[in-house]
Amino acid sequence: MHFDIFTLFPGMFEGPLTESILKRAQERGLLSIALHNIRDAATDKHHIVDDYPYGGGAGMVMKPEPIFAAVEPVYQGGPIILLSPQGRLFSQQLAQTLAQEPRVTLLCGHYEGVDERVREHLVTDEVSIGDYVLTGGELAAMVVVDAVSRLVPGVLADESAQEESHSSGLLEYPHYTRPPEFRSWRIPDVLLSGTTSRLRGGGARSR
Ligand SMILES: C[S@@+](CC[C@H](N)C(=O)[O-])C[C@H]1O[C@@H](n2cnc3c(N)ncnc32)[C@H](O)[C@@H]1O
């Protein structure tokens with residue numbers, strides 16, 4: 001699976017996308033992530049990417065020209081998702097749908113957001129990661145990449161994604177590991193009885 005991420009701040013992605021499971025998935029060729037700096041596509045001398053809003057109001061708006069100029073030469077199909085507080089709420093179901101796509105494009109807004117013509121004529125979908133406002137779409141894009149990537153076949157070493165919270169409308173059962181007793185808190189006796197594998201599947205919680 002391939003992600004193209006368009007952002008004004010590609011440096012923000014360095015930690016989360018280059019560690020742990022996502023790092024290994026990229027090394028194993030299961031996942032590729034290309035970061036594109038929208039500022040590089042601005043053709044004016046100062047690489048300006050934002051401007052004042054028509055009609056006034058606080059803050060700056062990301063200009064349409066650099067965004068179209070950055071995305072169009074790279075785009076090879078699949079959804080173009082604008083991270084936006086006005087978008088549909090991201091969920092495990094949407095992560096599962098996106099994990100079927102060979103390519104996903106993510107566009108990170110900043111400042112007051114993007115010019116409306118980007119929403120109308122470039123993006124195919126708008127996704128919010130929650131009912132709160134972030135400084136920019138970068139953290140939201142990282143959340144989407146993380147949740148989707150771990151559902152790509154082979155990325156997780158075992159079948160843990162199939163039994164996880166939200167995958168079937170339930171929340172996952174509690175986990176214990178050794179020692180069986182810690183500060184006088186014992187794990188449930190049933191887990192020591194040898195019937196754990198049968199019980200695991202039936203122990204899910206509902207919210
Ligand atoms: C400061 S926010 C803009 C907020 C906008 N003026 C509003 O009131 O809806 C800047 C950018 O952060 C991103 N963003 C903020 N909150 C988000 C959220 N909950 N989910 C996804 N992206 C978000 C979007 O890309 C947005 O364009």
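**Close-up views of a predicted model**

View 1. The model shown here and in every other view is predicted. Leu-8 belongs to the loop that runs between β1 (2-7) and α1 (14-17).

View 2. The space that the ligand takes is the largest pocket. Around the ligand there are 20 residues, of which Leu-83, Gln-86, Gly-109, Tyr-132 and Leu-134 come nearest. By class, this shell comprises 9 nonpolar, 10 polar and 1 charged residues. Two strands, β5 (80-89) and β7 (125-128), each supply at least two residues of the shell. The largest share, 4 residues, comes from β5.

**View 3. Polar backbone atoms facing the ligand.** Which residue places a polar backbone atom 2.5 Å from an oxygen atom of the ligand? That residue is Leu-83, which is also among the residues that come nearest to the ligand. In one, a nitrogen atom of the ligand lies 3.0 Å from a polar backbone atom of Gly-130. In the other, a backbone N or O atom of Ile-129 is 3.1 Å from a nitrogen atom of the ligand. On its own the ligand has 580 Å² of accessible area, and the protein covers 84% of it.

View 4. Glu-172 is found in the loop between α6 (138-149) and β8 (181-182). With a relative accessible area of 17%, Glu-172 is buried, since the limit for that class is under 20%. The side chain of Glu-172 makes a polar contact with the side chain of His-175, at 2.6 Å.

View 5. As a general rule, most peptide bonds are trans.

View 6. Most residues other than glycine have a negative phi. His-47, which is not a glycine, has a positive phi of about 50°. His-47 is found in the loop between β2 (32-37) and β3. Its relative accessible area is 34%, and His-47 is therefore partly exposed. Ser-184, likewise a residue other than glycine, has a positive phi near 70°. The place of Ser-184 is in the loop between β8 and β9 (185-186). Is Ser-184 buried or exposed? At 57% relative accessibility, Ser-184 counts as exposed, because the exposed class is over 50%.

**View 7. Tyr-54, an exposed loop residue.** Tyr-54 sits in the loop between β3 (50-51) and β4 (61-62). The relative accessible area of Tyr-54 is 86%, so the residue is exposed. Val-145 lies 91 residues from Tyr-54 in sequence, and the two C-alpha atoms are 33 Å apart in space.

View 8. Leu-22 has its place in helix α2 (residues 20-27). A relative accessible area of 6% makes Leu-22 buried. From Leu-22 to Leu-107 the separation is 85 residues in sequence and 20 Å in space, C-alpha to C-alpha. Pro-66 lies in helix α3 (residues 64-71). Pro-66 has a relative accessible area of 4% and is therefore buried. Between Pro-66 and Leu-89 there are 27 Å in space, C-alpha to C-alpha, and the two are 23 residues apart in sequence.

Methods:
Residues numbered from 1 in each chain as written. Predicted model: local features only at pLDDT ≥ 70, side-chain atom pairs only at ≥ 80, totals over all residues. Heavy atoms only, no water. Near = heavy atom within 4 Å. Polar contact = N/O pair within 3.5 Å; in protein donor to acceptor, adjacent residues only side chain to side chain. Areas by Shrake-Rupley, 256 points an atom, 1.4 Å probe, with all protein chains shown as cover. 1 Å grid on protein atoms, 1.4 Å probe; cavity = no way out; pocket = protein on both sides within 12 Å on 5 of 7 lines; lining within 4 Å. Sits in = over half its atoms within 2 Å of the grid points. Nonpolar A, V, L, I, M, F, W, Y, C, P; charged D, E, K, R; others polar. Buried < 20%, exposed > 50% of the residue type's maximum accessible area, 1.4 Å probe, protein only.
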